[in-house]
Amino acid sequence: MKTIIEPFRVKVVEPIRMTTADEREAILRRASFNLFQVRAEDVIIDLLTDSGTSAMSAAQWGAMMRGDESYAGARSFFRFEEAVKDLTGYENIIPTHQGRAAERILFASTATAGDVIPNNSHFDTTRANVEAGGAVALDLPCSEAAALQSKYPFKGNIDLERLQQTIDRQGRQKIPLVMITVTNNTGGGQPVSLENLRRTSEICRANGIPLYLDAARFAENAYLIKLKEPGQSERSVREIAQEMFQLADGCTMSAKKDALVNIGGFVATNDSNVAERMRNNLILTEGFPTYGGMAGRDLEAIACGLGEILDEDYLAYRLASTRYVGRHVSQLGVPIMLPVGGHAIYLDARQFLPHVPTEQFPGQALAVELYREGGVRSVEIGGVMFGKAAQHDLVRLAIPRRVYTQSHMDYVVEVVEQVYRRREEISGMRITWEPPTLRHFTARFDWV
Ligand SMILES: *Cc1c(COP(=O)(O)O)cnc(C)c1O
């Protein structure tokens with residue numbers, strides 16, 4: 001088989017400022033070893049997140065010029081609405097400025113204090129929005145998800161037995177909806193199988209509970225179904241995605257992921273009563289229901305991006321680049337979460353730095369070393385982010401869509417290799433200052 005190449009030509013470039021090792025040392029000290037405090041122009045390869053960091057296409061930029069900025073009933077809204085309806089089949093499409101606004105509006109319009117929301121795994125903003133209204137965010141990942149090295153292909157699945165038990169125990173009145181996150185971001189970008197979605201849908205329908213997708217990475221999930229699920233390889237990814245949406249009654253979407261835009265989102269539902277409550281809620285904080293906190297041009301870019309994301313040449317390249325990094329890093333003996341998911345590679349910092357005790361934040365130490373070695377910015381997902389509740393100490397290398405080439409990825413692999421070679425010299429870190437909440441964004445660190 002031939003190399004899977006980037007299926008695009010570069011039309012506009014953004015320079016990367018190269019830094020020296022000495023500069024990076026000074027930058028790290030100024031940032032108190034917190035990579036969120038490092039300026040983007042001091043980063044060579046930025047793998048902090050794949051959210052809102054996509055490169056837009058010439059077609060998207062062209063569409064933005066057609067943006068209709070009318071307050072009410074803009075042409076751009078109807079193009080956006082048609083694109084989302086065509087993909088999802090849902091009746092009511094409500095634009096929001098990003099995914100968390102969709103979540104806030106959905107949960108404020110459906111859940112009350114004491115309710116329970118089951119999910120394969122809540123994304124952190126989803127959990128926060130469920131809990132903001134006094135409801136309980138319940139994660140029910142399948143048992144295979146716990147083993148980092150297990151190659152089970154659908155580690156994003158929800159545990160169907162525990163879902164049924166939860167419904168039996170709580171009663172359907174306490175469960176305003178069930179949510180499934182595709183792909184399961186918190187669980188490592190692992191996909192949910194069509195089979196698992198179908199059975200979740202059956203359980204929900206049998207109990208009269210609506211099912212919603214958190215659809216941020218629906219296209220990556222659909223493509224992984226095509227690659228891995230028996231009987232799906234002959235179907236188009238669009239068809240698979242459409243079936244995923246049809247198994248649910250609505251969705252929330254962060255367009256900053258699989259709509260290939262830098263800002264935007266939506267919430268959609270077949271329930272007109274819920275839609276009416278959501279539109280009333282939307283007007284309070286987001287805007288009129290035909291723009292929902294976005295400019296008309298943003299709606300155009302999303303409409304266009306939702307088509308481009310289902311291009312199977314794009315998806316083949318997307319998966320090939322995450323797998324490429326995963327394969328090369330694994331070959332060096334570096335421990336990573338398997339199988340490689342859709343949008344990121346997760347280094348297992350506890351195994352990478354076995355001599356660093358978990359109280360000394362091995363994930364933070366590793367993330368800092370990747371920056372120090374080669375200006376690669378990643379994010380710690382472990383003890384710094386979750387405190388003592390952390391089950392793992394991972395370092396996520398999230399790959400922005402259509403931004404970096406294979407040689408950029410070769411460089412990343414080399415940086416990981418250099419750090420791995422001198423891993424025994426790397427010490428742990430301690431926190432010298434922390435804020436009362438969400439400490440990972442602003443905490444200060446030093447070496448132990
Ligand atoms: C990013 C993300 C969100 C939140 O979306 P924002 O656009 O960042 O507000 C929700 N769910 C998942 C799975 C995400 O990845």
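The lining of the second largest pocket has 19 nonpolar, 7 polar and 9 charged residues; Ala, Val, Leu, Ile, Met, Phe, Trp, Tyr, Cys and Pro count as nonpolar, Asp, Glu, Lys and Arg as charged, and the others, Gly among them, as polar. This is a predicted model, in which local features need pLDDT of at least 70, side-chain atom pairs count only at pLDDT 80 or more, and totals for chains, interfaces and linings use all residues. Residues are numbered from 1 along each chain as its sequence is written, and side-chain values use heavy atoms, with hydrogens and water left out.

**Pocket and cavity**

- The volume of the second largest pocket is about 1,300 Å³. Among the 35 residues lining this pocket, Val12, Glu14, Ala55, Arg402 and Val403 are the closest to its centre.
- On a 1 Å grid over the protein atoms alone, a pocket is an open set of points with protein on both sides within 12 Å along at least five of seven lines, while a cavity is a set where a 1.4 Å probe fits but cannot get out; lining residues have an atom within 4 Å of a point. Grid points are joined across faces, edges and corners, and a volume is the space filled by probe spheres set on the points.
- The whole structure contains 1 cavity of 30 Å³ or more. The largest cavity has a volume of about 100 Å³.
- Residues lining the largest cavity include Asn34, Phe36, Gln364, Glu380 and His440. Helix 14 (362–374) and strand 11 (379–381) each supply at least two residues of this lining. Helices (H or I, at least four residues) and strands (E, at least two) are DSSP runs, numbered from the N terminus.
- By class, the lining of the largest cavity comprises 7 nonpolar, 4 polar and 1 charged residues.

**Helix packing**

- Helix 4 (residues 99–110) packs against helix 10 (residues 272–285) at an angle of about 125°, with the axes 9 Å apart. Helix 4 is therefore oblique to helix 10. Angles under 35 degrees count as roughly parallel, over 145 as roughly antiparallel, 65 to 115 as roughly perpendicular and the rest as oblique. Axes are lines fitted to C-alpha atoms, for helices over the stretch in contact, and angles run from 0 to 180 degrees between N-to-C directions.
- In the contact of helix 4 with helix 10, the residues divide into 6 nonpolar, 4 polar and 2 charged.
- Helix 8 (residues 218–228) and helix 12 (residues 312–331) have axes that come within 10 Å and cross at roughly 85°, which means that helix 8 is roughly perpendicular to helix 12. Their contact (heavy atoms within 4.5 Å) has 7 nonpolar, no polar and 6 charged residues.
- The axes of helix 1 (residues 21–30) and helix 14 come within 7 Å, crossing at roughly 145°. Arg24, Glu25, Ile27 and Leu28 of helix 1 meet Val368, Tyr371, Arg372, Glu373 and Gly374 of helix 14.

**Backbone geometry**

- Most residues other than glycine have a negative phi, and most peptide bonds are trans.
- Valine 182 and threonine 183 are joined by a cis peptide bond with omega about -20°. Threonine 183 lies in the loop between strand 5 (178–181) and helix 7 (194–206).
- Another cis bond runs from leucine 338 to proline 339, with omega near -15°. The loop between helix 12 and strand 9 (344–348) holds proline 339.
- Phenylalanine 33, a residue other than glycine, has a positive phi near 60°. Phenylalanine 33 is in the loop between helix 1 and strand 1 (45–46).
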